[in-house]
Each structure stands twice: as C-alpha cells, then as structure tokens.
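Work through the exercises below with the structure in view. Try each task before reading its solution.

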Amino acid sequence: MLSPTTVFAEKVLARFAQLITDEVFLLIQNDRGLMHEYLRLVQSEGLDTVNQWIGRSVKARFQLENLPERQGAPRSTLIQSHQMFK
C-alpha cells in the first residue's frame, strides 16, 4: 500500500506533467536572454519548427507519454496549444 505522501506526490507530478510544456514556454517568455534566442530561432527556423522541437524535447527529456487531449488555452503567449503528457 502506498503512503499518503507518495499518493500526494504522484498526484502533484501527474498534474505538473500535463502543464510542463506551458511552463517551459513561460520560462522562455519571462527570461530576456532565452526570449532573445527564441526569437532569433523563430526568425531563422520558423515558429512551428521551433515550438514543435521544444515540445518533443520536453517529452524526450522527461520520458513522458502523450495524453489524448491537448491544452487549448496555455498561459504562455508563445503557443496557442500544446500536447498534454502523463
């Protein structure tokens, strides 16, 4: 049987996994240096290419799996939607 602390930690981490892509884009958006690099990449590589690469990198880095739904109202203004993970 799992301890209440383990159950709570899993609940928090499951929710964070669903939001992690938005959090990454918020980090970029709120950091001048990262935002400058991001804008240069978007200019040279294209918005869709850069954003999709970041999303795939998040998934691979944290070994996440796709949920069937997408987040359609992210807090970051850099993206219009993103894949949710578990």
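**Exercise 1. Describe the overall fold.**

Solution. Start by counting elements: the chain has three helices and two strands. Helices (H or I, at least four residues) and strands (E, at least two) are DSSP runs, numbered from the N terminus. Next, read along the sequence: the pattern is α-α-α-β-β. Then take the extent: along the principal axes, the C-alpha atoms fill a box of roughly 50 × 25 × 25 Å. Finally, check burial: of the 86 residues, 28% count as buried (under 20% relative accessible area; exposed is over 50%, partly exposed in between; 1.4 Å probe, protein chains only).

A note on the source. This is a predicted model, in which local features need pLDDT of at least 70 and side-chain atom pairs count only at pLDDT 80 or more, while totals for chains, interfaces and linings use all residues. Residues are numbered from 1 along each chain as its sequence is written, and side-chain values use heavy atoms, leaving out hydrogens and water.

**Exercise 2. Work out how helix 2 and helix 3 are arranged, and which residues join them.**

Solution. Locate them: helix 2 spans residues 32-45 and helix 3 spans residues 47-61. Their axes come within 7 Å and cross at roughly 125 degrees. Axes are lines fitted to C-alpha atoms, for helices over the stretch in contact; angles run from 0 to 180 degrees between N-to-C directions. Now apply the cut-offs: under 35 degrees is roughly parallel, over 145 roughly antiparallel, 65 to 115 roughly perpendicular, and the rest oblique. Helix 2 and helix 3 are therefore oblique to each other. Contact means heavy atoms within 4.5 Å. Helix 2 supplies Tyr38, Leu41, Val42 and Glu45; helix 3 supplies Leu47, Thr49, Val50, Asn51 and Ile54.

**Exercise 3. Find the aromatic pair and classify it.**

Solution. A search of the whole structure finds one aromatic pair. Rings of Phe, Tyr and Trp (its six-membered ring) pair if their centres lie within 6.5 Å; planes under 30 degrees apart are stacked, over 60 edge-to-face, the rest tilted. The ring centres of Phe25 and Tyr38 are 6.4 Å apart and the planes stand at 85 degrees, so this pair is edge-to-face. Phe25 sits in helix 1 (residues 4-30) and Tyr38 in helix 2, so the pair ties together parts 13 residues apart in sequence. Phe25 is buried at 1% relative accessibility, and Tyr38 is buried at 5%.

**Exercise 4. Trace the surroundings of Gln83.**

Solution. Gln83 belongs to strand 2 (residues 82-85). Not counting residues up to four places away in sequence, Gln83 touches Thr21, Asn66, Leu67, Glu69 and Arg70.
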